[in-house]
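Please look at the sequence and the three-dimensional structure shown below. The paragraphs that follow lead through them step by step.

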Amino acid sequence: MLNNDFAKPYPHYVQMAKEVAGMDSITLEGMVQLCMIRPMQSKPFAWDSRQLAALTAYTGVLQKKFIPVGAAVSNPCAARNPCASKNPCGMRNPCATYR
Ligand code: HEM
């Protein structure tokens, strides 16, 4: 789920990291691992794996395109997207990649 803080450079504060691991800030790589363990209910990737590198790189690309909800944007779809702050599957939302 992408909150507006997603737009900030990593490492940064993520509520789930604080709640689950007591971390005040977390890297993007660490966040991918945390989502694997918690919401995905899976195992973390090996730290030197191609999968972790690929998902981290992909999420980094999404971060560059990410426009915080409520920000002044030229694309009306982004500001009006009701899913952006609520939908845990926001990563799959076509609006997220069409900004
Ligand atoms: C491989 C799949 C996934 C990846 C790569 C991924 C990645 C991320 C990343 C990078 C963030 C940090 C956003 C930020 O900086 O604020 C995040 C946050 C979050 N993810 Fe995932 N995620 C995945 C799957 C999921 C799934 C399936 C769910 C729930 C159904 C989920 C729930 C959340 C929630 C709730 C947060 C926000 C945590 C908070 O702000 O407290 N994630 N995810």
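Helices (H or I, at least four residues) and strands (E, at least two) are DSSP runs, numbered from the N terminus. The structure is a predicted model, in which local features need pLDDT of at least 70, side-chain atom pairs count only at pLDDT 80 or more, and totals for chains, interfaces and linings use all residues. Residues are numbered from 1 along each chain as its sequence is written.

The chain contains five helices and zero strands. Read from the N terminus, its elements follow the order α-α-α-α-α.

The next topic is burial. A residue is called buried if 20 or more other C-beta atoms lie within 10 Å of its own, exposed if 12 or fewer do, and partly exposed in between; the C-beta atoms are placed from the backbone. By this rule, 11% of the 99 residues of the chain count as buried. In soluble globular proteins, nonpolar side chains tend to be buried together. A nonpolar core is defined here as a set of buried Ala, Val, Leu, Ile, Met, Phe, Trp, Tyr and Cys residues joined through C-beta atoms within 7 Å. The largest such core in this chain has five residues, namely Val14, Ala17, Ile26, Met31 and Val32.

Contacts come next. Two residues are in contact if their C-beta atoms, placed from the backbone, lie within 7 Å. Among contacts between residues at least 6 apart in sequence, 32% join residues at least 24 apart. Val32, a member of the largest core, provides an example: when residues up to four places away in sequence are not counted, Val32 touches Leu52, Leu55, Thr56 and Thr59.

Helix α2 comprises residues 28-37, and it packs against α3 at an angle of about 110°, with the two axes 9 Å apart. Axes are lines fitted to C-alpha atoms, for helices over the stretch in contact, and angles run from 0 to 180 degrees between N-to-C directions. Angles under 35 degrees count as roughly parallel, over 145 as roughly antiparallel, 65 to 115 as roughly perpendicular and the rest as oblique. The helices α2 and α3 are therefore roughly perpendicular to each other. On the side of α2, the contact is made by Leu28, Glu29 and Val32; on the side of α3, it is made by Leu52, Leu55, Thr56, Thr59 and Gly60.

Does the length of α3 agree or disagree with its number of residues? The expected span of a helix is 1.5 Å times one less than its number of residues. Helix α3 (residues 50-65) has 16 residues and should therefore span 22 Å; its end C-alpha atoms are 23 Å apart, which agrees. This helix is hardly covered, for the count of buried residues among its 16 residues is zero.

Attention now turns to the segment before α1, the helix of residues 15-21, where Pro11 has its place. A cis peptide bond joins Tyr10 and Pro11, with omega about -5°. Tyr13 also lies in the segment before α1. Tyr13 counts as exposed because 12 other C-beta atoms lie within 10 Å. Apart from neighbours within four places in sequence, Tyr13 is in contact with Asp5, Lys18, Asp24 and Ser25. Tyr13 and Met23 are ten residues apart in sequence, and their C-alpha atoms are 7.9 Å apart in space.

Asn4 is a further residue of the segment before α1. With 14 other C-beta atoms within 10 Å, Asn4 is partly exposed. Which residues does Asn4 touch, not counting residues up to four places away in sequence? They are Pro68 and Val69. Asn4 and Pro68 are 64 residues apart in sequence, yet 4.7 Å apart in space from C-alpha to C-alpha. Gly70, in the loop between α3 and α4 (76-80), is 66 residues from Asn4 in sequence and 9.0 Å from it in space, C-alpha to C-alpha. Gly70 counts as exposed because it has 11 C-beta neighbours inside 10 Å.

Having 7 C-beta neighbours inside 10 Å, Gln41 counts as exposed. Lys43 lies in the loop between α2 and α3 as well, and with 9 C-beta neighbours inside 10 Å it also counts as exposed. Lys43 and Gln33 are ten residues apart in sequence and 8.1 Å apart in space, C-alpha to C-alpha.
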